[in-house]
Amino acid sequence: MANFDDQVMGLTGLTISGGSSAPSQPELTQFLTDGAKEIINLLPGELKEKAMSITNLYIGNTDTIMDLDGKGEIFYVTRENADSGVYAPCRKINAMYGDLTNDSENIIYGASATDPVYYVESNSSGNSTLFVKPTPTAAQPAKVYHIAYPSVAYNDSAIANFPDEAEYLVPLYGSIKALQSAMGAMQTNTAIDTTALGAVVTELNKVDDIIVEASNKIDAYYTSIGDIDDTTELWDSTNKRFTVIRDALLQAQNLIDNDQPNAAYDAYANLADIDGALSAMDAHLADEEAILTNDPTSGHISDVLGLIHTAVDQAATAADKFIAVDSDSVFGDESTFLTDDSQLARVKDALDNAEKIIDDGANSPTGNAAGDAATYLYTEEDTELLQGTISIASSEISRAQAHLQEWTSIGDMRVKEINAALSEAQGYTQEIQAHLSYAQAYVNAANARRNEGDGRISQLKATLAVASQELQRGNLAIAEINTIISSYRLELEGVPLHLQEASSIIAQAQGYIAEANVRMQRDDQKYKWYDNQYNKLKQDYMQGIQALKGDTAPSRSQQ
């Protein structure tokens with residue numbers, strides 16, 4: 001026959017190991033031992049006797065009483081009769097009469113060698129104890145016939161001092177208890193409780209800590225921002241940033257449209273003055289344009305320009321006559337410019353004679369080299385002749401000057417004609433200048449208005465520059481306020497990261513939960529199978545017990 005643990009594993013599908021997992025080999029040993037004990041107690045009398053054992057009192061020992069702890073049902077007790085070697089049966093009496101057994105005169109409870117008794121009561125240790133009266137001795141020992149519960153090991157294949165017809169029920173009992181143990185162990189599945197669900201709890205605890213930290217940051221932010229109107233960073237008496245903003249905006253508004261600090265600085269007033277100056281400048285320019293006319297080819301100035309052109313043409317015509325080869329030219333081939341008697345020819349002749357007289361003896365009027373003035377001066381040293389020669393040269397020079405003056409007088413008539421025409425043109429030019437001066441007066445007036453407008457524009461720029469500085473001052477205060485508020489928001493910066501971390505941890509926890517669910521589903525399937533198998537085995541076990549009680553042992557096919 002197979003070992004009991006093999007039978008149990010075959011019936012339950014469990015693995016019986018020597019470790020701590022349920023059911024273990026030590027547990028199965030206990031289940032089998034308990035099963036054998038229960039079965040013995042349920043057996044009918046004739047089958048119980050197959051589990052009988054004898055405990056000797058005072059045979060091979062000095063025990064006169066028997067501790068019933070661990071002992072089964074007492075079948076009967078015998079005591080040796082008066083050293084005869086014959087064991088007489090002991091009658092059982094109630095323990096409350098135990099002390100009367102020592103009274104030999106008591107015909108009911110008094111004990112004797114031929115009429116021994118036994119009873120059961122607690123001894124000084126508190127355990128149930130069987131007493132035989134008269135007390136057994138080495139010569140007159142006693143024997144107690146009782147059930148002895150066997151110890152059944154997991155790897156046993158048979159049970160000594162146990163009815164064979166009931167032995168198959170022991171592994172059935174062990175299988176039932178093994179299934180109960182396995183189902184009980186499933187309530188504390190380490191893979192679920194400790195590994196998966198423990199990890200879930202660990203991760204969720206982390207999430208709790210993170211959420212608490214994030215909540216603290218949010219609470220700190222709202223606490224801080226709630227007190228922002230009281231903080232000295234914004235409202236203290238020496239640096240009222242909101243007041244700075246308001247003052248800067250008011251000052252800028254005053255400069256633009258409220259005649260402050262002076263009406264001259266009002267931007268809108270300056271714009272109106274600029275517009276007035278530009279309008280006046282436009283009017284003056286219109287007047288100047290009326291003088292000059294819109295069409296340069298028409299009007300009085302254009303007419304005068306035509307007269308100037310005519311006069312200039314006349315002067316040019318007169319000037320051309322100086323060189324033109326006609327009767328009017330002073331340079332033409334006429335009597336004034338003939339080779340023999342022209343004024344310029346005569347001038348040259350007189351000047352040549354004067355030169356010869358002065359320093360050209362070979363060509364002097366006398367034809368004598370010693371007749372020139374230089375010879376008289378350096379060679380002859382004749383001052384009288386020198387003075388005469390110089391006098392003659394002077395006369396020649398005077399003649400040249402006379403002929404030159406004559407020629408010039410002839411040319412002066414042409415020059416005067418030219419000058420007259422140019423004078424006429426100059427007069428017309430002056431008339432135009434007068435008109436232009438009049439127009440320039442309007443231009444100057446327009447420029448004055450423009451200068452006035454420029455001054456107003458400069459004034460406006462100065463006003464706007466100051467207003468811009470005020471706005472910049474307000475912007476700086478706003479930036480400072482934003483910086484302060486941002487410093488409060490720093491408390492919130494980490495919240496999204498905390499929540500992101502919490503979400504990641506929750507996702508991981510959900511993975512563990514999914515793992516636990518899978519394990520629980522598997523355990524549920526196993527538990528249901530164990531429970532179903534438990535009911536089947538229990539039914540077989542109970543049927544086997546009933547069969548034994550009916551004195552009809554079930555066949556192996558029924559088992």
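I count two strands as paired if DSSP finds at least two bridges between them. I am working on a predicted model.

**Entry: the sheet**

I started with a pair of bridge partners. Val77 has Val144 in E8 as its bridge partner. I then looked up the strands around this bridge. Strand E3 covers residues 71-81, and strand E8 covers residues 142-148. Six bridges join E3 and E8, in the antiparallel sense.

Next I read off the whole sheet. It is open and has four strands, in the order E1-E8-E3-E4. The pairing is antiparallel. I asked which strands stand at the edges. They are E1 (52-57) and E4 (86-89). Each has a single partner strand, so one side of each lacks a neighbour in the sheet. I also noted the twist, which averages 35 degrees from one strand to the next.

**Entry: helix H1**

I went to helix H1, residues 4-12. Which of its residues are buried? I found Phe4, Asp5, Val8 and Thr12. Viewed down the axis of H1, these buried residues fall within an arc of 95 degrees, so they line one face of the helix. I checked what comes after H1. Gly13 follows, and its phi is positive, near 75 degrees.

**Entry: helix H2**

I moved on to helix H2, residues 25-42. H2 has 18 residues. From first C-alpha to last, H2 reaches 26 Å, close to the 26 Å expected at 1.5 Å a residue. I then listed the buried residues of H2, taking buried as under 20% relative accessible area. They are Gln25, Leu28, Phe31, Leu32, Thr33, Gly35, Ala36, Ile39 and Ile40.

Note on methods
Residues numbered from 1 in each chain as written. Predicted model: local features only at pLDDT ≥ 70, side-chain atom pairs only at ≥ 80, totals over all residues. Heavy atoms only, no water. Helix = DSSP H or I, 4+ residues; strand = E, 2+ residues; numbered from the N terminus. Expected span 1.5 Å × (residues − 1). Buried < 20%, exposed > 50% of the residue type's maximum accessible area, 1.4 Å probe, protein only. Axes fitted to C-alpha atoms, helices over the stretch in contact; angles between N-to-C directions. Arc of directions from axis to C-beta.
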